[in-house]
Amino acid sequence: METAACHVLIITDALIMGFLLSADGAAAAVGIIARDGNSHLQWPRVCFMFNKFCNQGTTAIVLSTLGSLCFFLLVALSASNLHKKFKHSHVVAT
């Protein structure tokens, strides 16, 4: 694999990771609004009426965040391995 292709792969992985973490943040924000409501917009709290739903939603958000962290570690490990591979392959013996 060429160096340029590896850079594209790492950038694409980082971009997808950003989208994934953004989705986790958005889901957490919606969960907080469901738990606390929003008095400025007159949105009532819904977790006191649908406790099971909110517990399942919280579990899903936590598991999704853990999955995102695992993906981050995989991307970092992949980038590190590609960096090591190309760092050593371009060394010229003298």
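F48 lies in the loop that separates α1 (3-36) from α2 (51-89). In this predicted model, F48 is exposed, its relative accessible area being 55%.

**Helix α1**

- The 34 residues of α1 should span 50 Å at 1.5 Å a residue, and the end C-alpha atoms, 49 Å apart, agree with that expectation.
- The buried residues of α1 are C6, D13, M17, D24 and A34.
- C6 has a relative accessibility of 2%; it counts as buried because the cut-off for that class is under 20% relative accessible area.
- G37, which comes just after α1, adopts a positive phi of about 75°.

**Salt bridge**

- The count of salt bridges is one.
- R35 and D36 are the partners whose side chains meet in a salt bridge, with an N to O distance of 3.0 Å.
- R35 is partly exposed, at 48% relative accessible area.
- D36 is likewise classed as partly exposed, with a value of 42%.
- Both residues of the pair fall in the partly exposed class because their values, 48% for R35 and 42% for D36, lie between the limits of 20% and 50%.

**Cysteines**

- The model has zero disulfides by the distance rule applied to cysteine sulfur atoms.
- C70 is partly exposed, with a relative accessible area of 47%, whereas C6 is buried at 2%.

**Annotated regions**

- An unreviewed UniProt entry lists residues 59-79 as "transmembrane region".
- In the model, residues 59-79 are 100% helix and 0% strand, and the end C-alpha atoms of this span are 30 Å apart.
- UniProt, again in an unreviewed entry, places the feature "domain: Casparian strip membrane protein" at residues 8-70.
- Residues 8-70 are 78% helix and 0% strand, and their end C-alpha atoms lie 21 Å apart.
- These UniProt annotations may be inferred rather than shown by experiment.

Note on methods. Residues numbered from 1 in each chain as written. Predicted model: local features only at pLDDT ≥ 70, side-chain atom pairs only at ≥ 80, totals over all residues. Heavy atoms only, no water. Helix = DSSP H or I, 4+ residues; strand = E, 2+ residues; numbered from the N terminus. Buried < 20%, exposed > 50% of the residue type's maximum accessible area, 1.4 Å probe, protein only. Salt bridge = Lys/Arg side-chain N within 4 Å of Asp/Glu carboxyl O. Expected span 1.5 Å × (residues − 1). Disulfide = S-S within 2.5 Å.
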